[in-house]
Amino acid sequence: MTDFIAGLPKCELHLHIEGTLEPELKFALAERNGIELPYSSVEDIRAAYSFDDLPSFLKIYYEGMEVLRTEPDFYDLAMAYLRKAASQNVRYAEIFFDPQAHTSRGVPFDLVIRGLRRALIDAERQLGIRAQLIMCFLRDFQAEYAMATLLESLPYREWIVGVGLDSDEKGNPPVKFKAVYERARQEGYLLTMHCDVDQENSVEHIRQAVEEIGVDRVDHGVNVLEDPALVETLRERGLGLTVCPISNGYVTDSTKADAIRRMLDLGLRVTVNSDDPAYFAGYVQENLAVLAEELSLTEEDLVQLERNAFEITWLPRHLKDAYL
Ligand code: HPA
Ligand code: ZN
């Protein structure tokens, strides 16, 4: 099955570019930027990666970004990810970035997006992997800051396919960003948002995202299974879910493999993704392998997961069809 997974043309739809910062690159960028890290080795950094819920992960995730300062830093970050993804036969990726995690510490938006964009262009040319950017708002910041970020993004509208919402979900429901999402839709962005696994109000948050915001897909969203009527709505609308098994295993007590099996059986457009692979030790291939092992997936199941993914991509129909 390992060979089958390796050979399968794959798609990644839930991937935070800042979550692909491997310890080796973290060290290299720290040195380039004259930053002293509080770790003496790559092993030291990895040893500090202990989290058991979303906030404990996010703390380490934001600390790690301190080394990202210049346009070439963002280029190198994205290029390293795209190289890794291409090596796993990922043909297409939709990549989240968190501009506020950078602008809030004085790194300009322009520099962040230019570095990422340049890597996407070079990777397509050099490696044949296609990718698009999704700009995420940090939900634990004020909605006004998200709106300001949305406006700041407009000169780069053609470089960004859609918007998302991430960071700490507790006390930060989708409706907090209703006006921001309305404006984003008017500007032509496609819409997604995290409804993280096993949050205080997961089902209500999925309902808000789908019914009140009108998202085009849902990131994570595993808890939808607790509400059969909401499952039906997602199915009717053909809404995709970007699920991340290894990540789930870190921030909850399980990969939620059984839930993924049920979603597949219910005909939901569930997909398998890696979230923050440098922190959760697994890119798309490893996520599929873990799931295949836990669920004894067949080759047909794996093909179905990748079909779902290509089907829910934010590519024009003719490009989608070329992958399907
Ligand atoms: N959830 C919320 N915020 C995040 C995540 C996630 O999975 N990854 C990076 N920021
Ligand atoms: Zn995520």
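Modeller: Helices (H or I, at least four residues) and strands (E, at least two) are DSSP runs, numbered from the N terminus. The model is a predicted one, in which local features need pLDDT of at least 70 and side-chain atom pairs count only at pLDDT 80 or more, while totals for chains, interfaces and linings use all residues. Residues are numbered from 1 along each chain as its sequence is written, and chains are lettered from A and ligands numbered from 1 in the order in which they are written.

The setting comes first. The chain holds 17 helices and eight strands, and its C-alpha trace spans about 50 × 45 × 40 Å along the principal axes. Of its 324 residues, 47% count as buried, a term that requires 20 or more other C-beta atoms, placed from the backbone, within 10 Å of a residue's own; exposed residues have 12 or fewer, and partly exposed ones lie in between.

Now the site. UniProt, in an unreviewed entry, gives the annotation "binding site" to His14, His16, His194 and Asp275; such annotations may be inferred rather than shown by experiment. These residues span 262 residues in sequence, yet no two of their C-alpha atoms are more than 11.7 Å apart, so they gather at one spot. The unreviewed entry also lists Asp276 as "binding site".

His14 lies in the loop between strand 1 (10-12) and helix 2 (23-32). His14 counts as buried because it has 31 C-beta neighbours inside 10 Å. Neighbours within four places in sequence aside, its contacts (C-beta atoms within 7 Å) are Asp219, Thr242, Cys244, Asn273 and Asp275.

Asp275 sits in the loop between strand 8 and helix 14 (277-280), and Asp276 is found in that loop between strand 8 and helix 14. With 29 C-beta neighbours inside 10 Å, Asp275 counts as buried; Asp276 is buried with 27 other C-beta atoms within 10 Å. Beyond four places in sequence, Asp275 is in contact with His14, Leu15, His16, Gly19, Cys244, Ser247 and Phe280, whereas Asp276 touches His16, Gly19, Tyr61 and Ser247.

The residues surrounding ligand 1 (C-beta atom within 6 Å of the molecule) include His16, His194, Asp275 and Asp276, together with Gly19, Tyr61 and Ser247. This shell divides into two nonpolar, five polar and four charged residues, where Ala, Val, Leu, Ile, Met, Phe, Trp, Tyr, Cys and Pro count as nonpolar, Asp, Glu, Lys and Arg as charged, and the others, Gly among them, as polar.

Which residues of helix 13 (residues 257-265) are buried? They are Ala259, Ile260 and Met263. They cover an arc of only 100 degrees around the axis, taken from the directions of their C-beta atoms, which puts them on the same side of helix 13. The face turned away from this buried side carries the exposed residues Asp258 and Asp265. The cover over the buried residues of helix 13 includes strand 7 (240-243), helix 12 (245-251), strand 8 (269-272) and helix 15 (284-295). Just after helix 13, Gly267 takes a positive phi of about 80 degrees.

Terms used:
Two residues are in contact if their C-beta atoms, placed from the backbone, lie within 7 Å.
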